[in-house]
Amino acid sequence: MVRQALSLAIVSTLGLVASVTACEGPDKGELERKVSTRASPGSFRTAGVTTVFERRCGSLDCHGGIERNLRIYSSNGLRLPNDAGLRPGAGETTLDEITANYQSILTLEPEATNDVLDGADPYKLLVLKKPLELEKHKGGPAIRKGDDAERCLISWLKEDLINPVDKDACARAAIFPKE
Amino acid sequence: MTSRSIIALAIAGTSFLSCADPVLSDKVDAQGNETSGVDKGEFHRAGQPCVTCHQEGGPASDAPFTVAGTVFAQPMRQIGVEGAEVRMTDADGTKHTAKTNCVGNFFVKSDEWQPKFPILVEVAKNNVRRSMRSAIGREASCAGCHSTDLEPSDPLSQVGHIYLFATDEPGSPEGATDCKVDPKRPGTP
């Protein structure tokens with residue numbers, strides 16, 4: 001009887017320990033918080049990276065479609081619900097729309113994007129592989145190898161204090177269609 | 001009929017049905033019936049998404065189009081513009097120009113031009129020219145994005161019909177007078 005109670009107690013204790021361990025996360029001290037200068041939201045807007053995505057990817061029949069998982073908002077394409085009555089073709093792309101574009105791009109592949117922000121090869125990301133047709137892309141070659149759009153996006157994904165975003169390349173790449 | 005042939009027929013019937021694209025079927029059904037008095041042909045269904053049917057697997061797959069649409073005169077009425085040039089340039093830089101008929105329809109057959117998307121488009125007649133602000137990424141029917149409703153049902157993701165002039169076409173306010181069918185889209189003001 002005593003042996004039975006003892007073994008029950010041991011089993012219960014082991015179970016309790018196991019369940020506590022299973023629920024336990026890593027110690028706070030073990031969490032590594034990294035800060036990256038790459039792909040910053042500030043330069044996404046001010047260096048004109050958003051405009052490249054808007055012009056090259058955001059037409060209504062492509063990533064300006066609400067059925068797309070990578071959804072791009074723009075003045076000439078899909079609009080965020082707004083009180084100003086802005087429709088496709090009217091006004092400028094709003095700050096909210098730029099923020100939504102940034103979130104679309106950064107959260108398309110969260111883990112891979114984290115890796116790139118940590119220094120991995122940017123060409124592992126769909127936002128480059130698809131338009132460059134390194135992977136099948138229904139919308140065709142939205143970006144050509146070696147063109148200004150590629151330079152713009154790569155410089156943004158690798159930006160740091162010494163190597164800023166190539167604003168000139170972004171500005172040239174945003175002239176699309178050629179006017 | 002033997003039981004073996006019945007089974008074979010059943011299998012053949014099942015595989016035929018399973019090849020039909022339900023999404024495409026729904027899109028085709030959504031186009032509704034032909035307009036009374038307008039036979040199937042180059043003048044029918046102005047303003048509708050042509051390539052829904054004129055594609056592989058569609059009910060008009062014997063006449064597939066790579067790009068097709070309709071050019072109307074002005075934003076508030078839907079009267080076709082005849083003889084407008086639709087100038088297109090694809091991603092490889094190849095160019096093709098199509099001309100609209102008297103209801104404003106134009107179409108590019110697969111054996112005429114196989115564009116590589118994205119493509120850029122401008123429409124012109126006489127000295128009036130309008131360029132599309134964005135590139136066409138993949139949609140072969142203009143009406144895929146350009147709604148025929150004067151007030152698009154989803155104003156955040158749809159644009160109105162294609163038009164060339166700010167108001168009625170100079171000299172042809174009611175469209176081409178010698179058109180075999182009415183160049184006005186049914187129901188337009």
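This is a predicted model: local features need pLDDT of at least 70, side-chain atom pairs count only at pLDDT 80 or more; totals for chains, interfaces and linings use all residues.
Strand 2 (residues 85–89) of chain B pairs with strand 3 of chain B in the antiparallel sense over 5 bridges, and Val86(B) stands opposite Ala98(B) in strand 3 of chain B.

Turning to the cysteines, the count over all chains comes to 2 disulfides. In chain A, Cys152(A) is joined to Cys170(A), with an S to S distance of 2.0 Å. The torsion about this S-S bond is about 90°, so the disulfide is right-handed. Cys152(A) belongs to helix 7 (residues 148–157) of chain A and Cys170(A) to helix 8 (residues 167–173) of chain A, 18 residues apart. Both Cys152(A) and Cys170(A) are buried.

In chain B, a disulfide joins Cys102(B) to Cys179(B), S to S 1.9 Å. This link is also right-handed, with 55° about the S-S bond. Cys102(B) sits in the loop between strand 3 and strand 4 (105–109) of chain B, while Cys179(B) lies in the segment after strand 6 of chain B, 77 residues apart. Cys102(B) counts as buried at 4% relative accessibility, as does Cys179(B) at 13%.

Cys57(A) is buried as well, with a relative accessible area of 12%, but its sulfur is 8.4 Å from the closest cysteine sulfur, in Cys62(A), which is too far for a bond.

Definitions and conventions: Residues are numbered from 1 along each chain as its sequence is written. Chains are lettered from A and ligands numbered from 1 in the order in which they are written. Side-chain values use heavy atoms; hydrogens and water are left out. Two strands pair if DSSP finds at least two bridges between them. Helices (H or I, at least four residues) and strands (E, at least two) are DSSP runs, numbered from the N terminus. A disulfide is a pair of cysteine sulfur atoms within 2.5 Å. Buried means under 20% relative accessible area, exposed over 50%, partly exposed in between (1.4 Å probe, protein chains only).
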